[in-house]
Amino acid sequence: MSRQTSRLDAKKVNSELLTLTYGALVSQMLKEIDNTDDVNKQLERIGYNMGVRLIEDFLARTGSNRCMEMRETADKIQQAFRLYLNMQPTVTSWSSAGDEFSLVWDQCPLSEWVEMPNNGLKYCGLIPGAIRGALQMVQLDVQCWFIQDQLKGDAVTELRVKYIKRLEDAVPAGED
Amino acid sequence: MVIYGVYIVSKSGGLIYNYDHNIPRIETEKTFGFPLDIKLQYENKKVVVVFGQRDGINVGHVLLSVNGSPVTGRTTEDGKDVFDLIEAKESFPLSLKFGRMRATTNEKIVLASMFYPLFALASQLSPVPKSSGIETLTADTFKLSCFQTLTGVKFILVTDPNMQGTEVVLKRIYELYSDYALKNPFYSLEMPIRCELFDTSLHTLLELVEKSGTANL
């Protein structure tokens, strides 16, 4: 990452600050919105909006090229997790068609210290939203959902990413 | 190394940011006797020199003022028609100020949206498949460098034709955009960028480049 050396400010914050802020956001949303499904939807939406902006930061920092294959995309997502959350999820469970994979992690800064109420909340719902938003900006339509969640008693957290289609009409000129 | 300006064009081809950095202002004032030896014509709501280039007054320059009173359209400030003044012998000697017209914001928006299909056309015209669009466009007085991000935003830098290392500068502007425009919660995507922090850091960058080049970016 060339940026760290050349940039004026490589801002680092304590991950606990992020954890607590995110926790405050989620608990406030639970207070204000009665239906847990709606909270999940809102979290997804917030994540999406973050993703469409964050992708520019990711591209500017890493100077990545366009992905022409799902494995490359998986690599980039892994890199983004390292960059923004300082965690290294493993990429596993590829479908035989190569269009679907899982990201597995056992520790995420967002869900540290969290004990879940039993109400169907997807606590880390922001992450799939962000992935979807970011990939949409680079003309890749994906679906993203949790299939295992540590906060719900599973051994690890597993996020499934599925390729839906390439958004051909949104590919910028000179790239198609 | 002179940088004339920076433009940012959104994915849909709209101009979302423009900044004139260092455009020389060309203005000449001269006193004329009767008859006027410069041919003027009224076009596009401006009085333009069409023939008779001399003393730094070039074809294409626009009449800015008559005897110190600014001209809007074809009338002076006190409501007289410019062409009436020029044809009447008794109004001479006349002091006329000519200059090169700066593009207005509207004209810039039009130009930016004209560059958009040009860029697409270039990649379509290419004899080799998978060509990018226009990356540099050189004229004898300036060089236009364009960098398109994977998301379709175009960063355009207009510089002196001898300027080197414009790609690095464009990358840096992209970083500034992703930091100061996109992380500003009050900025909505695809809208014109009105962020003061972005402005100031861009100005700092351009001054740094002009002073010490692109080597230490």
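Predicted model: local features only at pLDDT ≥ 70, side-chain atom pairs only at ≥ 80, totals over all residues.
User: Does B:Lys130 count as buried or exposed?

Analyst: Residues are numbered from 1 along each chain as its sequence is written, with chains lettered from A and ligands numbered from 1 in the order in which they are written. Buried means under 20% relative accessible area, exposed over 50% and partly exposed in between, with a 1.4 Å probe and protein chains only. At 67% relative accessibility, B:Lys130 therefore counts as exposed.

User: What is the phi of B:Lys130, which is not a glycine?

Analyst: B:Lys130 sits in the loop between H2 and strand S10 (136-138) of chain B, where helices (H or I, at least four residues) and strands (E, at least two) are DSSP runs numbered from the N terminus. Although B:Lys130 is not a glycine, its phi is positive, at about 60°.

User: Where is B:Asn67 found?

Analyst: B:Asn67 also has a positive phi, of about 50°, without being a glycine, and it is partly exposed, with a relative accessible area of 47%. Its place in chain B is the loop between strand S6 (62-66) and strand S7 (69-72).

User: What is the omega of the cis peptide bond from B:Phe92 to B:Pro93?

Analyst: B:Pro93 lies in the loop between helix H1 (82-87) and strand S9 (94-99) of chain B. Another cis peptide bond runs from B:Phe34 to B:Pro35, with omega near -10°, and B:Pro35 is placed in the loop between strand S3 (27-32) and strand S4 (39-43) of chain B. For the bond from B:Phe92 to B:Pro93, omega is near -5°.

User: How far apart in sequence are the parts that B:Asp55 and B:Lys30 tie together?

Analyst: A salt bridge, meaning a side-chain nitrogen of Lys or Arg within 4 Å of a carboxyl oxygen of Asp or Glu, joins B:Asp55 to B:Lys30, with the closest N and O atoms 3.5 Å apart. Because B:Asp55 lies in the loop between strand S5 (46-51) and S6 of chain B, and B:Lys30 in strand S3, the pair ties together parts whose separation in sequence is 25 residues.

User: Which residue does B:Glu107 meet in a salt bridge?

Analyst: B:Glu107 is partly exposed at 33% relative accessibility. The N to O distance of the salt bridge is 3.8 Å, and the pair links distant parts of the chain, helix H2 and strand S5 of chain B, 61 residues apart. The partner of B:Glu107 is B:Lys46.

User: Which element gives the most to the lining of the second largest pocket?

Analyst: On a 1 Å grid over the protein atoms alone, a pocket is an open set of points where a 1.4 Å probe fits, with protein on both sides within 12 Å along at least five of seven lines, and lining residues have an atom within 4 Å of a point. The second largest pocket holds about 1000 Å³ of space, and of its 25 lining residues the closest to the centre are B:Tyr7, B:Ile23, B:Arg100, B:Ala103 and B:Leu111. Strand S1 (3-9), H2 and strand S12 (154-159) of chain B each supply at least two lining residues. The element that gives the most, with 5 residues, is H2(B).

Definitions and conventions: Heavy atoms only, no water. Points joined across faces, edges and corners; volume = space filled by probe spheres on them.
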